[in-house]
Amino acid sequence: MMKKIYSMAAMAMVAMQLQAQPATQDTYVGASLATEDLNGTARYVGMGGAMDALGADISTMGSNPAGIGLFRKGQVSASLSVNSQEDGKSFQNGSKTHVSFDQIGIVFATQSGKTSFLNFGFNYHKSRNFNHVLSAANALRGSSQSSQPVVKDGEGLFDTPAWSQLDDLYYGNMLYDRETGMIYSYEGNNYEFDRANTGYIGEYDFNISGNIKNRLYLGLTIGVHNVHYKNYSEYYETLNSDYVTDVLISDNHQITGYGYNVKAGLIFRPIEESPFRIGVSVATPTFYKLTTDNYTTIGTNVDYTAAKEDFRFNTPWKFGLSLGHTVGNYLALGAVYEYADYGSCDMRTIDESYYEYDYYYGDYGYYENSSSDNAMKRHTEKTLKGVSTLKLGGEFKVDKNIALRLGYNYVSPMYQENGVRDQTIQSPGVYYASTTHYINWKDTNRITAGVGFSFDKFRLDLAYQYSSRKGDFYPFMPNLSTTYVDDDGPFNLTNTCEKVSVKDNRHQIQASLVYSF
């Protein structure tokens, strides 16, 4: 069925071109960029990452930098893994199974006193692995993604930043009739959605750390992040109409760029005769400079829209508290609590960029001014929330050459239960949107196990990680409504959709080769 609606909008805007102006991304894209996986050396993963107070592992460089201060010898390590997604199907370039180079690092330990050391380290690891294949389908019961711009037009959003690239595609190709000046609203029967995410965030950490009288350990890490994010999705709707029976939206989207942060930490032993220790850590936001690039097509006509723009994004502060204890040389136990308020994520638009001569260096330098996207910031504050992460882990040495490890993680939900990817916000994050789908992921549980084999100066560590979470998928913002007037009088047009339960269950098998010198 097709509903004819007389247009109240300035239709000259249908053929609008996306001008080069400040752009940003929305809350849900930012949430994906701000989170981290449990990844690093196989020993670190096998113990659930609960090593912030125990230290003496290269991966603690990125969680509690003071952990590097516990090294008494130099060390080099490198890690590979095989990652497999339990659910979903292979789609486009997305695959359920892939091999990943996860980590390589080195620590130089130098004795600065009788019981004191000054250590330096470098470590690369994948802090975020984006590889994930998602499929979802459901009945639409008369609503449709194609009706979203019709409802938005009725709410007077046509000539505002709440009008997106995707709205423009729908209007220019199937909703607006230039000859009659009418808008057509199509009822949907059902939809199918497939998406393949690929890419990663690589983190390069540079560390300086040491200890004072073997009781107080201090560390500082400067981290540089490199973002490689790719997303390809297809959204297919069947419609109840003799004029347009179906529609396919294909979207290619990538985000690239870099960021930096600073992490500081300390570990101390409150009782001189006891190996029990307490750790505290803090990490500044990661300050990202990113570029978003998309190419989106509609139907078999292959009409398209595209945009490429720069934006800035700041992640939240992160705080950590950790405990560690060892028994002899055969048992190590660790616990970590981390907190980050993702509602404070800051999407920023670049207001201006310019070159200015620097008399000190005798050359021109590039500068930018940016400001918070306040509309999107308010949306983030009410959509995302503070996240608590609990890490528990232990290591037991069967003998001096074999160690067994276990770990567990719990990560509380980031998304508010009623969170919505609001497409009516007057923000560049909506204006440049080429998709409407979103997922409210729930809590995450990780179970890990590992084993280590020592051979003189070498050690081979193996780890297994199982990660599980569930989420609610929506193809577009539900319960969007407006009132139109036609020949029969006023009528209410409501566009809604039901959530679909989706899963993200993953297996990881990892190996690290470690050399001490």
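## Close-up views of a predicted model

**View 1. Helix α1 sits inside the structure.** The buried residues of α1 are Thr 27, Tyr 28, Val 29, Gly 30, Ala 31, Ser 32, Leu 33 and Ala 34. Buried means under 20% relative accessible area, exposed over 50%, and partly exposed in between (1.4 Å probe, protein chains only). Helices (H or I, at least four residues) and strands (E, at least two) are DSSP runs, numbered from the N terminus. At the start of α1, a side-chain oxygen of Asp 26 comes to within 3.2 Å of the backbone nitrogen of Tyr 28.

This is a predicted model, in which local features need pLDDT of at least 70, side-chain atom pairs count only at pLDDT 80 or more, and totals for chains, interfaces and linings use all residues. Residues are numbered from 1 along each chain as its sequence is written, and side-chain values use heavy atoms, with hydrogens and water left out.

**View 2. Lys 391 is a buried residue of strand β18.** Strand β18 covers residues 386–399 and contains Lys 391. Why does Lys 391 count as buried? Its relative accessible area is 8%. The side chain of Lys 391 makes a polar contact with the side chain of Glu 338, at 3.5 Å. A polar contact is a pair of N or O atoms within 3.5 Å; within protein, one must be able to donate a hydrogen and the other to accept it, and residues adjacent in sequence count only if both atoms are side-chain atoms. Leaving out residues up to four places away in sequence, Lys 391 touches several others, including Tyr 44, Ala 50, Val 336 and Tyr 408. Contact here means heavy atoms within 4.5 Å.

**View 3. Strand β8 pairs with β4, β5 and β9****.** Two strands pair if DSSP finds at least two bridges between them. Strands β4 (residues 117–129) and β8 (residues 188–212) pair in the antiparallel sense over 11 bridges. Here Asn 119 stands opposite Ser 209 in β8. Strand β5 (residues 132–139) is also antiparallel to β8, over 8 bridges. His 132 has Asn 197 of β8 as its bridge partner. With strand β9 (residues 216–239), β8 forms 24 bridges, again antiparallel. Arg 195 has Ser 233 of β9 as its bridge partner.

View 4. Most residues other than glycine have a negative phi. The hairpin of β8 and β9 has 3 residues between the strands, and Lys 213 in the turn has a positive phi of about 55 degrees. Asn 214 is partly exposed, at 27% relative accessibility. Asp 456 is in the loop between β20 (438–455) and β21 (458–474). Asp 456 is exposed, with a relative accessible area of 80%.

**View 5. Cys 345 and Cys 497 are both buried****.** Cys 345 has 3% relative accessibility. Cys 497 has a relative accessible area of 11%. How many disulfides does a search of the whole structure find? The search finds 0. A disulfide is a pair of cysteine sulfur atoms within 2.5 Å.
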